[in-house]
Structures are given as C-alpha cells and as structure tokens.
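Dear colleague,

I am passing on the structure we discussed, and my notes on it follow below. Please read them with the coordinates open beside you.

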Amino acid sequence: MISKRIESKVAAALLAVSVLTASGTALSGTVTAKAANQETASTQSLFEGVKNDPGLLKAAKQGTTKVQNQKVTKDGVTLKLTDYLYDGARVSFALQREGDNLETTLDDVTNAEKKGVLLYHEIYINGKKQDLKSYGRSSINDGNSMVISFNDQSDKGPRTVFFPKQFELTVKAYVSGVDDPFTFKVPVKKQAAQSTVLNKAVAKKAGKLSYTVKRVELTPYSSRLELVAQGSHKQIKDLKDLRFDIADNKGNVLTPALQTWEGVVKNQRYFDMTYPSFAATPSSIVVKPYSLEKDGNGAPKKVYLQDAELTLSLKK
C-alpha cells in the first residue's frame, strides 16, 4: 500500500498527465553539474521525441536545449536527467529511466504499486521549494522517458515575482519501489530572449462578461497569456467553465500545454495559461474564450464565445 501523502501526489500527477499527454552510482544519490560533466554527453535531446509540443521540438532541432546527462542509480533503477530548456515562459527538463524487469512505463501512475513509476517530483529554485501552480508531464519515446514542464505562475493574481534569468534547479524525483528520491542539481540559464511582450492591460466586454489581458509573452518555444475575468455569459453558467485558446493572424489555434491554476482573486477569476509556440512570430493574436459542451455522443466539444474574442496587436 502507498501512503496517503503519496496518494495525493499521484492524484496530482494523474491530473497533469490528463492535460497533456557510463559513470557509476552516485553514493549520495545526488548528481551535480560538475559530476555530470565527467560523463560523455549525448548529442541528441530527448525533446526530439515530443510530438505534441512544436516549441520543444524546435528547441531540440536548433540545439538550444542544454544537455546534462546526469545519472542516479538506486535499488536497480537508474534515472537520468538528460537536458533542459528555460525560455522565460517555462522550464522543461527530460528524465529517462533504465532498469531490468520493470513492468510498466515511467509515467504510468495508474500502476503506482509496481516498481519504476515516477510518482511525483519536487522542484527547488536556489534551494527554495516551489509550490507549483502550473506544470505538465508528457511521456515520450518507448515509455521510459518523459518531459516535465513548469513555470512561475502565481496563485495571488498577476505575477509580481519572476524566475531569475539563471538559478540552481534541484529536482527530487520519487519513484515507486525506491525508498529515497533521485536528486539532481542543475545550473539553469535562460536560453531565449522574449521575442514579443504585451504588458499593457487591454480589456474586452461582451454583455455581462468582461476580461482584461494583463500580459502576453511569446518566445521561439512557448506562448503565455495572463488575464482576469468577471461577470457572466449566456454560454456559460460559471466562470470556472470558461477556457481560453489563442490564435495567430493566420488562424492557427494553440491550446494550453500546461495544467494551469485558475483561482478567484478579489471576485475575479485569474487565468495564467502557457501554450506551445507559433510557427512564426505573429503580428497579432486572437484571444478565443470558449466553453465545453457535449456533442451527440456525449463527448466534450469546444464552443467559442465569438462575441467575446479579442484581437491584440503585438510589438516585437
């Protein structure tokens, strides 16, 4: 049996999954960058296996991701932190598992009783544990690898504190069948300058519904939208049912890449959404609010609130 504490962590991991689909053992269980540099670094990023996130795939092909190739072995399971990307909008890193007689994939938290499943992970920035409000995990390749992403989303309204341009990232990965966490320490540096930012508030009103875009950030690898909404709309019963996509001026639509926290702040619902990147930096974007309704087969379908869409001109 797994503990109640781990059960709650596994439940969070399941939610994240649903939103997205040659050195020896380190005796201390912690690998630092200095130790990792003694290994032969891989020339290929695991991000090349991410098919549903064109931003990460682009970064891998451009050689922007930073190869680490750190390795920890415990109780017959080896876990590697192979590379990372930090573009200002999010941090992403890749984990790879090795071991004999492992019966499930690294990401299969539905089989948490079996050995070798990543149950949950803890993130530290410069030694301070992070209470993450936005993250995602996506299995890649043969099921022994995954990419984990997170950012500095706040639960107190629009961000006032941002991740620094460089910091020490500590990852503690808890794996089923292994008592102690796999710990990695990585010196992280921002690899991409933000290409486009809108940080002047722009408001939109549609009947009783209104929302204000607080910030838009586009990098070559990610897109991010922050806004607050209030009121009601004929297509939604409650603001908790409101969602947002974004589209470029050519009609290419992006859906969020990370599980996001959406909370009420001073009677307003606050949204902070991270998406993949556009193929090319657009001259404008369209904010596309929508609700989810069931089709004839009972499956959810998007219904856009066309009267509430907002076009934003962007500056490079």
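Leaving aside residues up to four places away in sequence, R215 touches R159, F162, Q194, V197, L198, N199, R224, L225 and E226; please bear in mind throughout that this is a predicted model. R215 is found in strand β13, which covers residues 209–218, and it counts as buried because its relative accessible area is 16%, under the cut-off of 20%.

Turning to the nonpolar cores, the largest has 28 residues, of which F93, L95, L118, F150, F167, L169 and F182 touch the most other members. At least two residues of this core come from each of the strands β3 (77–86), β4 (91–99), β5 (118–125), β8 (145–150), β9 (166–175) and β10 (182–189). For F167, the contacts beyond four places in sequence are with Y86, V91, I125, N126, V186, P187 and V188. Another core, of 27 residues, lies apart from the largest one, and V213, L218, F244 and I285 are among its members.

Finally, there is helix α3, residues 54–62, in which the buried residues are G55, L56, L57, A59 and A60.

With best wishes

Key:
Residues numbered from 1 in each chain as written. Predicted model: local features only at pLDDT ≥ 70, side-chain atom pairs only at ≥ 80, totals over all residues. Heavy atoms only, no water. Core = buried A, V, L, I, M, F, W, Y, C linked by side-chain atoms within 4.5 Å. Buried < 20%, exposed > 50% of the residue type's maximum accessible area, 1.4 Å probe, protein only. Helix = DSSP H or I, 4+ residues; strand = E, 2+ residues; numbered from the N terminus. Contact = heavy atoms within 4.5 Å.
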